[in-house]
Amino acid sequence: MVACLPALAQEAAQNAQIQPVGQEPESQEERPQIQAIAEYGGVLTPKGRLILEPEFQYSHESINRMTFEGVSVLSTLLIGVFTAQDVDRDNYTASLTGRLGFTDRLELEMKVPYVYRDENERINVPIEDSEDDVFSIDQDLSGDSLGDIEMAAHYQLNRGQNGMPFFIGNLRYKSTTGTGPFDIDRNSEGNPLELSTGTGFHSIEPSITMLLPSAPAVYFANLGYVFHLEDNVNQNLSGETNDGSPVNVVVGDVDPGDAVRLSFGMAYAINPRTSFTLGYKNDFIGKTKTEYINTDDGSITRVESQTLNVGSLLLGWNYSLNQDVSVNLGLELGITEDAPDTTLTLRMPIGMNVF
């Protein structure tokens, strides 16, 4: 979302001496030409303006967890087993986004990503009745393919006159073109042999964005809701019961948790070419409900995952090379347990007039 806010902040600074903030320009030519905000929308680009935005994103997540299964006899005496888990995840995404000002108030967008993921997981479990031996599981998985293609529409609801902020309605759709978690290859025991590059489920996200220019800064806020559509996976999984007996299970209906998305912050223009962004975003993701059907006796087991709270601090820097090309570097620092540790994004929006 921070990608194009700096352009708006720089323009607000440039127009500060031309007219009061929020007042409509005297002519169409003096109207601020503001790029859309990546992912959430913004004050729209002019009719006939096309923006092509190549992007590269890298994110890293580390999980170091020590769990104990057993009983506490005294406050200093524990009887049971300690399990140590160490997970490192790296995601690389290269994408191309196109945004077209279809009218002065309507903008259409399409994003095509290519995803590479790598994950290393190591689990250490002490062997029972042994002081020195440790059972270790070391698993290294990866996966790369086309990600989930996204399409969106952004509509400017008002003209931002008399000091009023701009309000933009957004509607985003995410497809299932990527390799979903139930589409990957698995071994005879049902364990994955590769990583997914997509969610595997269709999603629709309506949201509303507010932008308030106040030269040389622009304040922004966004509120959205992501509907993940339920689907019948109908995938066979083999496994074992607690006593070692084989069992065949079919994954039935899966309902991914919906999410509430909130973000806010400020873009500040240092000079006509350079600006920075400071903000915060938080996704509150609901429980995923999964249905397992035992093909031997027809019994159905329903499992719910935990809710997730993904919060990140947003830092951004933007430099305009010329009127049509700029470079944007964004950094997200995870501040909740469920958020990736760091996400680094490099974008280069390139604008052109097509009609």
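I looked up Glu-332 and found that it counts as buried because its relative accessibility is 19%, where buried means under 20% relative accessible area, exposed over 50% and partly exposed in between, with a 1.4 Å probe and protein chains only. Lys-281 also counts as buried, at 17% relative accessibility.

I note that this is a predicted model, in which local features need pLDDT of at least 70, side-chain atom pairs count only at pLDDT 80 or more, and totals for chains, interfaces and linings use all residues. Residues are numbered from 1 along each chain as its sequence is written, and side-chain values use heavy atoms, with hydrogens and water left out.

I then checked the link between these two residues: Glu-332 forms a salt bridge with Lys-281, the closest N and O atoms being 3.2 Å apart, a salt bridge being a side-chain nitrogen of Lys or Arg within 4 Å of a carboxyl oxygen of Asp or Glu. This pair links distant parts of the chain, with Glu-332 in strand S16 (residues 326-334) and Lys-281 in strand S12 (residues 274-285), 51 residues apart; strands (E, at least two residues) are DSSP runs, numbered from the N terminus. By the salt-bridge rule I have 16 in the count.

Next I followed Glu-53, which forms a salt bridge with Arg-347, the closest N and O atoms lying 3.6 Å apart. Here too distant parts of the chain are linked, since Glu-53 is in strand S1 (residues 49-74) and Arg-347 in strand S17 (residues 342-347), 294 residues apart. Both Glu-53 and Arg-347 are buried.

I looked at Arg-172 as well, and its salt bridge with Glu-109 has its closest N and O atoms 3.2 Å apart. Arg-172 belongs to strand S6 (residues 166-174) and Glu-109 to strand S3 (residues 106-126), 63 residues apart. Arg-172 is buried, with a relative accessible area of 9%, and Glu-109 is buried too. Both pairs belong to a network of salt bridges whose members include Glu-53, Arg-347, Arg-172 and Glu-109, along with Glu-55, Arg-99 and Lys-111.

Finally I returned to S12 and asked which strands pair with it, pairing requiring that DSSP finds at least two bridges between two strands. Strand S11 (residues 259-269) pairs with S12 in the antiparallel sense over eleven bridges, and the two form a hairpin with four residues between them. Within this pairing I noted Arg-261 opposite Asp-283 in S12. S12 also runs antiparallel to strand S15 (residues 308-320), joined by twelve bridges, and Ser-275 has Asn-318 in S15 as its bridge partner.
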